Amino acid sequence: RSIPLKISVIIPTKNEEATLEPILLGCLKHADEVLLIDGHSTDKTREIAEKHGVPIHMDRGRGKGDAMKLAITLFTGDIIVYIDADGSHDPDDIPKMVQQIIDGEADMVIGSRFKGGSDELVGNVNQLFRITGSNIITTFINYRWGINLSDTQNGFRALNREAAEALDLQVDGFPIETEMDIQLLQRGFRIGEIPAHEYARKGGESKIKLMQIWHQYPILLIKTWFQSRYLPGARERLDRLSKP
């Protein structure tokens, strides 16, 4: 790349003292900027970030989705990378994730657990529910836009600035990734993926309460079905990007 692109990594947190430090250190190796978006942690999460000089921004108490939206107004880089603080994602995957964006092959890149493997998607009823729901959502998106992604739900993802700033996200909770995928495809942005292994949470407690939020996903998909497949200007963007 002739002009180096600045990479900003965003880590949403809430009481992640048990797992945060190695994630922070890993991200600092691969990023020009690391920002913590904290959900009013009551443990030592913010203290750990301060120790490593990582700027902290408090979220608005509305959920992970709102923290991700807030990050878009704060990052200063050319590429924004989202990574979880619980140790399920490997920061060393960041370089290969952003490479497709640097090479102009994609506007957003998702770390695919179905290509890279997962320790969290099989083994019990809750995980069966999660993998089934994820497959239904991915199948819907692939069918609607004629694409062939394997994982549309992983929060480990990178976007270029144009794509990030084009979003008009409304979801405050965990369906934020689905809304992000849908909005980018409606606007004519390209989504790529890389294999990325999902590791079992290394400590703390998961913030996902599937039984409380599952209904938000079908509501979002039903709304999407009655929306335009492409918004004005989307096809022109796709045509322009497809030219050599």
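Asp38 lies in strand S2; strands (E, at least two residues) and helices (H or I, at least four) are DSSP runs, numbered from the N terminus. The model is a predicted one, in which local features need pLDDT of at least 70 and side-chain atom pairs count only at pLDDT 80 or more, whereas totals for chains, interfaces and linings use all residues. Residues are numbered from 1 along each chain as its sequence is written, and side-chain values use heavy atoms, with hydrogens and water left out.

Asp38 has a relative accessible area of 0% and is therefore buried. Buried means under 20% relative accessible area, exposed over 50%, and partly exposed in between, with a 1.4 Å probe and protein chains only. The side chain of Asp38 makes a polar contact with that of Ser41, at 2.6 Å. A polar contact is a pair of N or O atoms within 3.5 Å; within protein, one must be able to donate a hydrogen and the other to accept it, and residues adjacent in sequence count only if both atoms are side-chain atoms. Leaving aside neighbours within four places in sequence, Asp38 is in contact (heavy atoms within 4.5 Å) with residues including Thr13, Lys14, Arg46 and His57.

Asp38 also stands opposite Met58 in S3, and three bridges join S2 to S3, which run parallel. Two strands pair if DSSP finds at least two bridges between them.

Strand S1 (residues 7-13) runs parallel to S4 and is joined to it by four bridges, with Val9 opposite Val81. Strand S6 (residues 157-160) pairs with S4 in the antiparallel sense over four bridges, and Leu159 in S6 is the bridge partner of Ile80. In a regular strand the side chains alternate between the two faces of the sheet. Both faces of S4 are covered: Ile79 and Val81 on one side, and Ile80 and Tyr82 on the other, are all buried.

Ile80 and Tyr82 also belong to the largest nonpolar core, which has 37 residues; they are among the members that touch the most others, as are Ile10 and Leu159. A nonpolar core is a set of buried Ala, Val, Leu, Ile, Met, Phe, Trp, Tyr and Cys residues joined through side-chain atoms within 4.5 Å. Elements that each supply at least two residues of this core include strand S4 (79-82), helix H7 (161-166) and helix H10 (216-225). A second, separate core of 28 residues includes Val81 and Ala158.

In H10, the buried residues are Tyr217, Leu220, Leu221 and Thr224. Seen down the helix axis, they fall within an arc of 95° (that of the directions from the axis to the C-beta atoms), so they line one face of H10. The face turned away from this buried side carries the exposed residues Ile222 and Lys223.

Helix H7 contains Arg161, which counts as partly exposed because its relative accessibility is 23%. Not counting residues up to four places away in sequence, Arg161 touches Phe75, Thr76, Gly77 and Asp78. A polar atom of the Arg161 side chain lies 2.8 Å from the backbone oxygen of Phe75.
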